[in-house]
Amino acid sequence: PVFRPYIQGEEDQIKNLVLEVLGEHGFTYDPVLNHDLDYPAETYRIGRGQMFVVVYHGQIIGTHGLVDQGEIAYCRRLTIAKNFRGNGWLYPQANHVIKYCKQQGFRIIRLDTLEKFGMVPSFKKTGYEIVNRIQEEENTKVIMELKL
């Protein structure tokens with residue numbers, strides 16, 4: 001796979017992939033919550049932020065957005081298409097983003113994930129620590145950080 005910043009014109013592919021992955025967990029498109037998917041450049045390409053994509057044989061199969069919050073790089077939209085999971089691509093993708101964040105001078109990478117997605121153990125393996133848990137109706141949001 002190739003990890004690179006997204007190219008203008010790939011917005012629909014990114015949006016469709018993220019909504020497909022969210023749909024696996026019963027989430028549907030919400031114009032307020034998913035505003036970033038309609039305007040990725042305006043959301044992710046501010047300051048040192050970026051939207052990375054994972055490309056395999058010319059197809060976008062993953063995403064990893066970074067929002068510049070000063071010393072913190074806030075990760076959003078960490079996705080891999082269902083039929084590409086379990087191939088060990090999370091770790092090279094995470095390492096690519098960690099390297100980018102270090103080069104850009106961020107001190108912390110922060111992300112949140114819903115506990116039911118089952119990603120907390122994988123993020124712990126890449127060095128993230130749990131800093132908070134927030135109950136949102138039936139979902140538990142886990143806030144994690146990696147100090148650089």
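Mentor: Two strands count as paired if DSSP finds at least two bridges between them, and we can read this predicted model with that rule in hand. In β4, for example, arginine 76 is the bridge partner of glycine 65.

Trainee: How do you know that β3 and β4 are paired, and in which direction do they run?

Mentor: The rule asks for at least two bridges, and 7 bridges join β3 to β4, so the pair meets the definition; the two strands run antiparallel. They also form a hairpin with 2 residues between them, and glycine 70 in the turn has a positive phi of about 80 degrees.

Trainee: What makes β1 and β2 a pair?

Mentor: Here 4 bridges join β1 to β2 (residues 50–56), again running antiparallel, and at least two are required, so these strands are paired as well. Within this pair, proline 5 stands opposite phenylalanine 52 in β2.

Trainee: Why are β1 and β6 said to stand at the edges of the sheet?

Mentor: The sheet is open and has 7 strands in the order β1-β2-β3-β4-β5-β7-β6, with mixed pairing. Because β1 (2–5) and β6 (129–136) each have a single partner strand, one side of each is left without a neighbour in the sheet.

Trainee: Why is strand β3 described as largely enclosed by the rest of the structure?

Mentor: A residue is buried when its relative accessible area is under 20%, and 8 of the 11 residues of β3 (residues 59–69) are buried, so the strand is largely enclosed.

Trainee: How do you know whether cysteine 75 is buried or exposed?

Mentor: Its relative accessible area is 2%, and the limit for buried is under 20%, so cysteine 75 is buried. Cysteine 101 is buried too, because its value is 0%.

Trainee: Which residues of the lining lie nearest the centre of the largest pocket?

Mentor: They are Leu22, Leu78, Asp112, Thr113 and Phe117, out of 37 lining residues, and the space in this pocket is about 1,200 Å³. The largest share of the lining, 7 residues, comes from β4, and the lining as a whole divides into 18 nonpolar, 12 polar and 7 charged residues.

Terms used
Residues numbered from 1 in each chain as written. Predicted model: local features only at pLDDT ≥ 70, side-chain atom pairs only at ≥ 80, totals over all residues. Heavy atoms only, no water. 1 Å grid on protein atoms, 1.4 Å probe; cavity = no way out; pocket = protein on both sides within 12 Å on 5 of 7 lines; lining within 4 Å. Points joined across faces, edges and corners; volume = space filled by probe spheres on them. Nonpolar A, V, L, I, M, F, W, Y, C, P; charged D, E, K, R; others polar. Buried < 20%, exposed > 50% of the residue type's maximum accessible area, 1.4 Å probe, protein only.
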